[in-house]
Amino acid sequence: MAVLRRLTTERSAKVIVFLLIFAMASRVSVDPDLWWHLRLGEYILETGSPVYADVFSHTRAGQAHKNHSWLSQVVMFGIWRLAGHLGLTLFVSSLATAGMIFLYRAGAGTIYMRGFALVIGAACAAAFWSPRPQMFTFLFSSVLVFILFELKYKCRDHLWSLPLLFVCWVNLHGGFIIGLLILGAFLLGECVNAALALGNARIQPGKLRKLLMIAPLSLAVMPINPLGIDVFAVPFDTAGIGGLRKYIQEWQPPDFSQPYTWGFVALLLLALGAKVASRRRADATEHLLVGGALGLALFSGRNLSLFTVAALPVATIHINDLLIRRGWLLPFRFRSRETPGRAVINVLLICLVALGVLTRVLYVSSDNIIGAAVSRNWPADAARFLNASALEGRLFNSYNWGGYLIFSARDFPVFIDGRTDLYRDFLDEYAAAYGGEAWRAVFKRWDIDVALIESASPLAGELEAAPDWLLEYADEIASIYMRAPA
């Protein structure tokens with residue numbers, strides 16, 4: 001009972017908030033990139049080689065693929081092998097919740113105010129929470145902001161962990177560039193603050209000098225990865241792929257008519273309102289971090305989670321300052337111990353919420369729900385037909401299905417898949433064929449004999465009307481066409 005009495009109302013509220021965030025992150029994934037990440041993780045475990053000559057497509061066969069996410073793919077496939085979709089659900093929810101815990105700790109204020117802000121921040125970041133290596137970037141960027149804000153606002157030094165953080169990050173995901181941008185913006189902002197005497201809180205000069213020494217050390221250890229120093233070119237190579245913003249939705253600016261952006265709008269309004277109302281002194285670090293993250297989020301929807309990382313702690317710091325200045329803090333008497341009766345009630349509340357979270361996790365990862373999602377979003381039946389058929393020849397496939405076919409139809413190298421860093425501007429050639437305008441030229445160039453595409457796609461209509469192509473299989477999702485024998 002003595003241990004239970006330490007479970008105060010405030011501590012219980014904190015547990016419940018993070019349980020709810022865990023539930024928010026637990027959902028059925030329809031991310032098409034999941035499948036090729038799993039297949040690459042399996043391949044790395046089989047061959048022991050993170051950098052490989054491509055064997056999964058016929059259009060890039062033998063071409064070197066500089067796989068910057070190799071370690072996360074191994075982790076994901078290991079989780080998949082051990083626990084299937086349930087494991088992947090727990091993987092996403094655990095990393096998302098851990099990231100939000102660090103953002104909570106980076107901010108300020110009571111659990112009630114921060115809990116409200118956390119739910120808004122989670123609604124913004126959740127738009128791109130999915131079983132992909134980018135989850136590690138969300139977690140590590142949150143850890144980095146926590147380390148830097150602890151130093152700035154609480155004079156707590158965790159700088160020793162930065163080199164370890166970055167050497168892990170660079171092996172898990174190419175989003176390590178986000179960490180370098182956060183670190184660079186923070187250093188520049190603190191130097192400006194020191195020079196112009198800006199901000200309500202500034203790093204002590206000695207700590208700033210220490211950070212200026214540790215930052216290059218963190219950079220120096222990053223070549224400890226299979227790509228070596230070439231890893232630094234990965235983010236710039238990816239950003240230079242012209243077809244990304246043209247064809248891939250997550251690389252396009254956010255569409256504010258879609259519900260996934262509403263959390264972003266709410267967090268933006270919260271951050272702006274808190275900044276104006278708090279009347280804190282201008283702080284170059286805060287402006288650079290939040291303004292930079294806002295610019296990246298408006299440039300590409302995949303950066304909405306980055307905006308949460310930068311804006312959420314700053315917003316809570318400003319709101320807390322406003323509440324203190326106005327005397328609007330709720331008159332809660334924070335206790336270190338509860339009465340036995342209240343402790344029992346708190347335990348029951350947590351158990352009730354935890355039961356609901358467990359029910360949701362089991363539901364979204366159940367065989368029926370996963371099977372229905374796979375059937376709706378991927379050509380599961382068509383892939384089984386393909387595997388059992390006697391069809392031969394080079395395959396043309398939908399871009400969104402390439403990763404699934406790599407995983408599920410292994411005897412048929414794909415035409416294209418989600419590894420855009422491998423295909424680069426090949427997206428234009430794919431789009432010309434898929435749209436029906438130049439499909440004959442593209443099929444001739446690549447000697448295509450089989451096409452597995454959406455039944456309602458423009459190309460399906462062209463193939464249906466072509467006398468030299470035969471429909472071999474069709475359902476509501478996918479159709480398979482084969483070139484007629486000469």
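Glu42 and Arg39 sit three residues apart in helix H2, about one turn of the helix. Their side chains meet in a salt bridge, 3.3 Å from N to O, and both residues are buried. The model is a predicted one, and it holds 20 salt bridges.

Helix H2 takes part in another of these pairs. Asp33 forms a salt bridge with Arg132, with 3.5 Å between the closest N and O atoms. Asp33 lies in helix H2 (residues 33-47), while Arg132 is in the loop between helix H4 (111-125) and helix H5 (134-154), so this pair ties together parts that are 99 residues apart in sequence. Asp33 and Arg132 are both buried. They also belong to a network of salt bridges that links Asp31, Asp33, Arg132, Glu250 and Arg302.

Arg483 has a relative accessible area of 29%, so it counts as partly exposed.

Turning to helix H8, residues 205-221 make up a run of 17 residues that reaches 25 Å from first C-alpha to last, close to the 24 Å expected at 1.5 Å a residue. Leu208, Leu211, Ile214, Ala215, Ser218 and Val221 are its buried residues. Viewed down the axis of H8, they fall within an arc of 135 degrees, so they line one face of the helix. Pro205, Arg209, Met213 and Ala220 are exposed on the other side of H8.

On the surface, Leu86, Leu90, Leu355, Leu358 and Leu362 form a nonpolar patch, with about 420 Å² of accessible area together. Helix H3 (70-106) and helix H14 (340-364) are the elements that each give two or more residues to this patch. H14 supplies the largest share, three residues; Leu355 is found in that helix.

Elsewhere, Val276 lies in helix H11 (residues 262-278) and is exposed, with a relative accessible area of 66%. Between Val276 and Val361 there are 85 residues of separation in sequence and 40 Å in space, C-alpha to C-alpha.

As for the cysteines, the structure holds zero disulfides. Cys124 is buried at a relative accessible area of 0%, whereas Cys351 is partly exposed at 46%.

Definitions and conventions: Residues are numbered from 1 along each chain as its sequence is written. This is a predicted model: local features need pLDDT of at least 70, side-chain atom pairs count only at pLDDT 80 or more; totals for chains, interfaces and linings use all residues. Side-chain values use heavy atoms; hydrogens and water are left out. Patches are made of residues with over 30% relative accessible area and no salt bridge: like charges are joined within 9 Å, nonpolar side chains (Val, Leu, Ile, Met, Phe, Trp, Tyr) within 5 Å. Accessible areas come from the Shrake-Rupley method with a 1.4 Å probe; for residues, only the protein chains shown count as cover. A salt bridge is a side-chain nitrogen of Lys or Arg within 4 Å of a carboxyl oxygen of Asp or Glu. Helices (H or I, at least four residues) and strands (E, at least two) are DSSP runs, numbered from the N terminus. A disulfide is a pair of cysteine sulfur atoms within 2.5 Å. Buried means under 20% relative accessible area, exposed over 50%, partly exposed in between (1.4 Å probe, protein chains only). The expected span of a helix is 1.5 Å times one less than its number of residues. The arc is that of the directions from the helix axis to the C-beta atoms.
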